[in-house]
Amino acid sequence: AAPSTRKLASELDVDLNTVDGSGPDGRILRADVENAHDAAIDDSIQRELLNSVRAVMAERMAHSVHTLAHSTMNFEMHADSFLQALVDLKARAVEGNPKISATMLLVKCLAGPLSRNPRFNATIHQNNRELLLHQDVNLGVAMATERGLMVPVMRQINDLPITELAQHMGDLVTRTRAGQLQPAEMSGGTFTLSNTGGMEEATILSTRPVINAPQTATLWVSKIQNRPIVVDDQLTVGMVLNASLSFDHRFIDGADAIAFINDLADMIENPEKALADE
């Protein structure tokens, strides 16, 4: 080892007799000493390599953060009518049909706004610097699994009644958790929804969701909870759904985002409009 490397070993209390050199002819390098030192103090640390799922997601998220011009709007929506519609749907459910969940009703309420606000149902062709506006709403739904975050895609949700959405989602959830999804089933999404409601114990008010590039936007929603609200200039308590919308400011401006949020809030607060074709 060079004198400077021996000095470093002395400072870090590393015995050079225990270090394997990675340099030419077995020369011990500074990096070898530093690695030996780290290993000595890290005996209590469990090391975990990124599995293939987490590695792919890490790469995509890093690309998104460093490429897209992320902007986020946080907002809340009154959910009393939404929950009542869910109760009514469950009461009318036919035996043998899939269960209608809050996520399914949320997906149904998203379909219309995504169709009517095409910049949000879009993907970016980075090389050509152009926006590809899609007619079909292919919704990616983020799901937490033991192997990491996976985002299967529900296709053409703008054309499906809520019972078919529920059946489609139930199949995707089962196969996602079993690790049976094909790569094609996690590609081609035009927008992504992330819903942490089922996992929340603390009250999460907002997030900054990372856009699933090449998409232009993503939505996070919270658990529906009782919170103070103002109705007709009176302070009261009501069920509230918090949400955060991230969008690529290169292609979507603030006015576009507000229009989308207003449209979505109208569907959540008046779900009969989203269910008009049921």
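User: Which element supplies the largest share of the lining of the second largest pocket?

Analyst: Helix α3 does, with five residues. Keep in mind that this is a predicted model. To read a pocket, ask about its volume, its lining, and the elements behind that lining.

User: What is the volume here, and which residues line the second largest pocket?

Analyst: The second largest pocket holds about 210 Å³ of space. Its lining is S52, V53, V56, M57, R60, R147, L149, M150, V151, P183, M186 and N212. Two elements each give two or more of these residues: α3 (52-67) and β6 (148-150).

User: How do the residues of that lining divide into nonpolar, polar and charged?

Analyst: Eight are nonpolar, two are polar and two are charged.

User: Now the largest pocket. What is its volume, and which residues lie nearest its centre?

Analyst: The volume is about 780 Å³. The lining counts 30 residues, and T103, R177, N195, G197 and G198 are the ones nearest the centre.

User: At how many degrees do the axes of α4 and α5 cross?

Analyst: The axes of α4 (residues 80-91) and α5 cross at roughly 115 degrees and come within 10 Å. Angles of 65 to 115 degrees count as roughly perpendicular, so α4 and α5 are roughly perpendicular to each other. The crossing is right-handed. From α4, the contact uses F82, A85, L86 and L89; from α5, it uses A102, L105, L106 and C109. This contact has eight nonpolar residues, no polar and no charged ones.

User: Are α5 and α6 roughly perpendicular or oblique to each other?

Analyst: They pack at about 120 degrees, with axes 10 Å apart. The pair is therefore oblique. Here too α5 passes α6 in a right-handed crossing. T103, M104, L105, V107 and K108 of α5 meet I162, L165, A166 and M169 of α6. The classes are seven nonpolar, one polar and one charged. Note T103: it is in this contact, and it is among the residues nearest the centre of the largest pocket.

User: What is the angle between α5 and α7?

Analyst: About 145 degrees, with the axes of α5 and α7 (residues 254-269) 9 Å apart. The crossing is right-handed. α5 brings L106, C109, L110, P113, L114 and R116, and α7 brings F260, D263, L264, M267 and I268. Nine of the contact residues are nonpolar, none is polar and two are charged.

User: Which residue has a positive phi although it is not a glycine?

Analyst: D13, at about 60 degrees. Look for D13 in the loop between α1 (3-12) and α2 (30-41).

Methods. Residues numbered from 1 in each chain as written. Predicted model: local features only at pLDDT ≥ 70, side-chain atom pairs only at ≥ 80, totals over all residues. Heavy atoms only, no water. 1 Å grid on protein atoms, 1.4 Å probe; cavity = no way out; pocket = protein on both sides within 12 Å on 5 of 7 lines; lining within 4 Å. Points joined across faces, edges and corners; volume = space filled by probe spheres on them. Helix = DSSP H or I, 4+ residues; strand = E, 2+ residues; numbered from the N terminus. Nonpolar A, V, L, I, M, F, W, Y, C, P; charged D, E, K, R; others polar. Axes fitted to C-alpha atoms, helices over the stretch in contact; angles between N-to-C directions. Parallel < 35°, antiparallel > 145°, perpendicular 65-115°, else oblique. Left-handed = near helix turned anticlockwise from the far one by under 90°. Contact = heavy atoms within 4.5 Å.
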